[in-house]
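Please open the model in your viewer and keep the selection tool at hand, as this tour goes from one selection to the next.

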Amino acid sequence: MSAACAVKLSGGHPCGGALTFVTDAIGRLVPSCARCVRRVAGVCQDCPRRVDGTVGRALRCAACRRAKLRLDGLHWRTRDPEHARAVRRECHRAYRDRKRGGPPTPREERYRRLGHARAAALTPARRREIALKAITTRWARVKAAA
Ligand SMILES: [Zn+2]
Ligand SMILES: [Zn+2]
């Protein structure tokens, strides 16, 4: 049997590592998470180097953290290429505004444009899926605060 480790990390999300059951010093069967063992020991999740940051909180060494961030960015772009293009478009627009010396586009206005471009590219099913996820996330926040 393998369940996901529910230990809360510093970011608030659960660890999610696979639990294995090991026998402790007095013969009890206790769940153990390889990820948490590494985290507590201050060893990077992806390589044998030491973590960069506070031992017990930091997950990866500096090199692996950069690699992970790169990967996340890649996922975000491949998941939603239309939105990624819209973001880039807005960045270019803001850059042009700055260069022209004109007033910068207000943040609300930029976000509004981004939302529109994104919504237009989505299918109703995908939009519903995103809304459901947002509701779940908000609920989790409310429950955590209560
Ligand atoms: Zn864990
Ligand atoms: Zn590493």
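Select residues 19-23 and 29-33, strands E1 and E2, which run antiparallel and are joined by five bridges; strands (E, at least two residues) and helices (H or I, at least four) are DSSP runs numbered from the N terminus, and two strands pair if DSSP finds at least two bridges between them. Phe-21 has Pro-31 in E2 as its bridge partner. Five residues lie between E1 and E2 in this hairpin, and Gly-27 in the turn has a positive phi of about 85 degrees.

This is a predicted model, in which local features need pLDDT of at least 70, side-chain atom pairs count only at pLDDT 80 or more, and totals for chains, interfaces and linings use all residues. Residues are numbered from 1 along each chain as its sequence is written, while chains are lettered from A and ligands numbered from 1 in the order in which they are written.

Next, colour domain 1 (1-79) and domain 2 (80-134) separately, with bounds from an automatic or database domain assignment; their centres, taken over C-alpha atoms, are 33 Å apart.

Gly-101, which follows H3, has a positive phi near 80 degrees.
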